[in-house]
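Please look through the sequence and the 3D structure below.

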Amino acid sequence: MPASQATFKEYEFNIDISDLVGDGQLDEQRFKNSFKMLKLNQLQDTIPVIKDSYNTILSLRAKSIATISKSKELYKYSDTLNIKYLDSTKILNNFSLKDKIGILNGAKTKMNSALTNVKNNMTTIKRKRKTLNFFDSEYYGRIALSFSCLILFFIGAPLGSIIRKGGFGLPMILAISIYVLYFFGNTFGKNLAEESSISSLLGSWVSAMIMVPFGILLTRRATKDKGLFNVDAITQPIKNFFLKFKSKKDN
């Protein structure tokens, strides 16, 4: 509606996303409990529940493997002898050939059962761990994003005072470079955190930690009314070298 004007205290705007989630599926539990749909306090309450569920699965799987391998029986009798090297083949020599075959087959069966148990539950454990990483990364990422806005202010404001002139080119190049560096650090840290390569806390704050030194450096240079780069410190020694070389040649 062109040339229209509306005055209101509160305005509710509905966006049709049925093409994305399907008709009548927006109220489903999987959308309500998504980490992107929850508030910060809701994430804080949900994360301990997911962690308890994940730790319970790990504990059950560990007990299952311990039961299969009968690990408790390995420490049934304490050994007071201090043996530096133990040759397991000599132990088998105490048994007959038939008993040796039975012992080795039993060990192989228990090992295969433990490996099968681990493989069958590996997908479930990885999915639970990744879900937990999603919630953790979202929680810490929202806090880090708020702090990043403050850091980028301490980068942008000094840049504006340092680059007083120079047209459109240099400020645009610096702004794009800073954004690419921040975006790359944020994406890289988030991906590593989701794959459990690093902690979610560290992955969410990687980009902020990269930007902090730039903010401190630019703020200090702006308060001391210095330029962005001290070009004379690089070019002056070169000029002095050529001047000395030229003076020797003239003599």
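**Briefing on the helices, cores and contacts**

Asp 225 follows helix 7 and has a positive phi, near 55°. The model is a predicted one: local features need pLDDT of at least 70, side-chain atom pairs count only at pLDDT 80 or more, and totals for chains, interfaces and linings use all residues. Residues are numbered from 1 along each chain as its sequence is written, and side-chain values use heavy atoms, with hydrogens and water left out.

**Overall make-up**

- The protein has eight helices and zero strands; helices (H or I, at least four residues) and strands (E, at least two) are DSSP runs, numbered from the N terminus.
- Along the sequence the pattern reads α-α-α-α-α-α-α-α.
- Of the 251 residues of the protein, 18% count as buried. Buried means under 20% relative accessible area, exposed means over 50%, and partly exposed lies in between (1.4 Å probe, protein chains only).

**Helix 5**

- Helix 5 covers residues 97-162, which is 66 residues. Its end C-alpha atoms are only 86 Å apart, short of the 98 Å that a straight helix would reach at 1.5 Å a residue. The expected span is 1.5 Å times one less than the number of residues.
- A kink of about 45° in helix 5 is centred on Met 122. The bend at a residue is the angle between axes fitted to the seven residues ending there and the seven starting there.

**Helix 7**

- Helix 7 has 24 residues and should span 34 Å at 1.5 Å a residue; its end C-alpha atoms are 35 Å apart, which agrees.
- Helix 7 also has a kink of about 45°, centred on Val 206.
- Buried residues of helix 7 include Ser 200, Gly 203, Val 206, Met 211 and Arg 221.
- Val 212 lies in helix 7 and is partly exposed, with a relative accessible area of 29%. Its C-alpha atom is separated by 8.9 Å from that of Phe 154, although Val 212 and Phe 154 are 58 residues apart along the chain.

**Nonpolar cores**

- A nonpolar core is a set of buried Ala, Val, Leu, Ile, Met, Phe, Trp, Tyr and Cys residues joined through side-chain atoms within 4.5 Å.
- The largest nonpolar core has 11 residues in all, among them Phe 35, Leu 43, Tyr 54, Ile 125, Phe 135 and Tyr 139. Helix 3 (40-69) and helix 5 each supply at least two residues of this core, and helix 3 gives the most, with five residues.
- Another core, of 10 residues, lies apart from the largest one, and Ile 155, Leu 174, Tyr 182 and Met 211 are among its members.

**Aromatic rings**

- The whole structure holds seven aromatic pairs. Rings of Phe, Tyr and Trp (its six-membered ring) pair if their centres lie within 6.5 Å; planes under 30 degrees apart count as stacked, over 60 as edge-to-face and the rest as tilted.
- Tyr 139 and Tyr 140 have ring centres 5.3 Å apart and planes at 75°, so this pair is edge-to-face. Tyr 139 is buried at 16% relative accessibility, whereas Tyr 140 is partly exposed at 25%.
- Phe 184 and Phe 188 form a stacked pair, with 5.8 Å from centre to centre and 10° between the planes. The two are four residues apart in helix 6 (residues 169-194), so about one helical turn separates them. Phe 184 is exposed, with a relative accessible area of 54%, and Phe 188 is partly exposed at 44%.
- One aromatic cluster is formed by Phe 8, Tyr 11 and Phe 13.

**Charged side chains**

- The charged end of Arg 129 sits over the ring of Tyr 54, 5.1 Å from its centre. A charge sits over a ring if NZ of Lys or CZ of Arg is within 6 Å of the ring centre and within 35 degrees of the ring normal.
- The count of salt bridges is two; a salt bridge is a side-chain nitrogen of Lys or Arg within 4 Å of a carboxyl oxygen of Asp or Glu.
- Glu 195 and Lys 130 form a salt bridge, with the closest N and O atoms 3.1 Å apart. This pair links distant parts of the chain, 65 residues apart: Glu 195 is in the loop between helix 6 and helix 7 (200-223), and Lys 130 is in helix 5. Lys 130 is partly exposed at 32% relative accessibility.
- Arg 142 and Glu 138 meet in a salt bridge of 2.9 Å, N to O. They are four residues apart in helix 5, so about one helical turn separates them. Arg 142 is partly exposed at 25% relative accessible area, while Glu 138 is buried at 17%.
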